[in-house]
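Please walk me through one part of this structure.

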Amino acid sequence: MARILIVEDDESIRNLIELTLMQFQYETVSFEDAETAWEYLKKNSADMGIFDLMLPGMTGLELIARIREDEHLSGLPVIILTAKDSELDKVIGLDQGADDYMTKPFSVLELTARIRSLMRRSGTSHSETHNFNEEGLNIDFDGRTVHVREQQVDLTYKEFELLALLLENRGTVLRRDTILDRIWGYSFEGGTRTVDVHVRTLRQKLGEFGSVIETVRGVGYKINR
């Protein structure tokens, strides 16, 4: 199981990331400041880091610089997750040694996709290729493609995220507000009606397989297969 180090001073965001990654079978270790995270890294291993930039004391960039200068830690893959969204901020972050850069507000499903992608590139992946194959329905999580009876189905970005989220949690009922937070982001101001609309169009596009998405009245949706 891959261990991911989270450094984020906003407790609500930190908890959101932790909960999401644990549901995707990642081990998490989290800190609210870079100094404590650095002390942890000097004595313990991690497979990836997710760092905010604006932290109390040492900044996220300073932490990345220390990691890149350490012969034992220099290869640690790092994703910056920050509210700083200017092009210059992104260039500086990547030039200073980050492997990927995401801005807030963010989709947690996109974050997990970037984690898988970065782990594959860095050779630290602890999981098999993400695929779902059953009775004529084929979904390639990594390639983001869906085929029904060998015919490709064109899904929008959010429709694919919704399908992937339900499949990753099959057997579990996901509340509408949970789906909204995890796909559209914690600051999305739209209502849960957005989820219902996307489920309806997704079912239509999946044709005969649309019924795999079950409605749990008054709660949300699930996939049992």
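**From a strand pair to a helix pair**

V146 has V153 in β9 as its bridge partner. This comes from a predicted model. Start with the strands around that bridge. Strand β8, residues 145–148, is joined to β9 by three bridges. The two strands run antiparallel.

Now widen the view. Strands of a sheet pair through backbone hydrogen bonds, in either a parallel or an antiparallel way. Here the sheet is open and has four strands, ordered β6-β7-β8-β9. Its pairing is antiparallel. The edges are β6 (131–134) and β9 (151–153), and each of them pairs on one side only. On average, neighbouring strands are turned by 20° against each other, with direction ignored.

Next, look at what lies on the sheet. Helix α6 packs there and touches β6, β7 (137–140) and β8. The direction of α6 makes about 100° with that of β7.

Helix α6 (residues 157–168) also has a helix partner, α7 (residues 176–184). Their axes come within 10 Å and cross at roughly 125°. Angles of 65 to 115 degrees count as roughly perpendicular and those over 145 as roughly antiparallel. The α6 and α7 pair is therefore oblique. The crossing of α6 and α7 is right-handed.

Which residues make the contact between α6 and α7? From α6 come K158, E161, L162, L165 and L166. They meet I179, R182, I183 and W184 of α7. By type, this contact has six nonpolar residues and three charged ones, with no polar residues.

How values were computed
Residues numbered from 1 in each chain as written. Predicted model: local features only at pLDDT ≥ 70, side-chain atom pairs only at ≥ 80, totals over all residues. Heavy atoms only, no water. Axes fitted to C-alpha atoms, helices over the stretch in contact; angles between N-to-C directions. Parallel < 35°, antiparallel > 145°, perpendicular 65-115°, else oblique. Left-handed = near helix turned anticlockwise from the far one by under 90°. Contact = heavy atoms within 4.5 Å. Nonpolar A, V, L, I, M, F, W, Y, C, P; charged D, E, K, R; others polar. Pairing = 2+ DSSP bridges.
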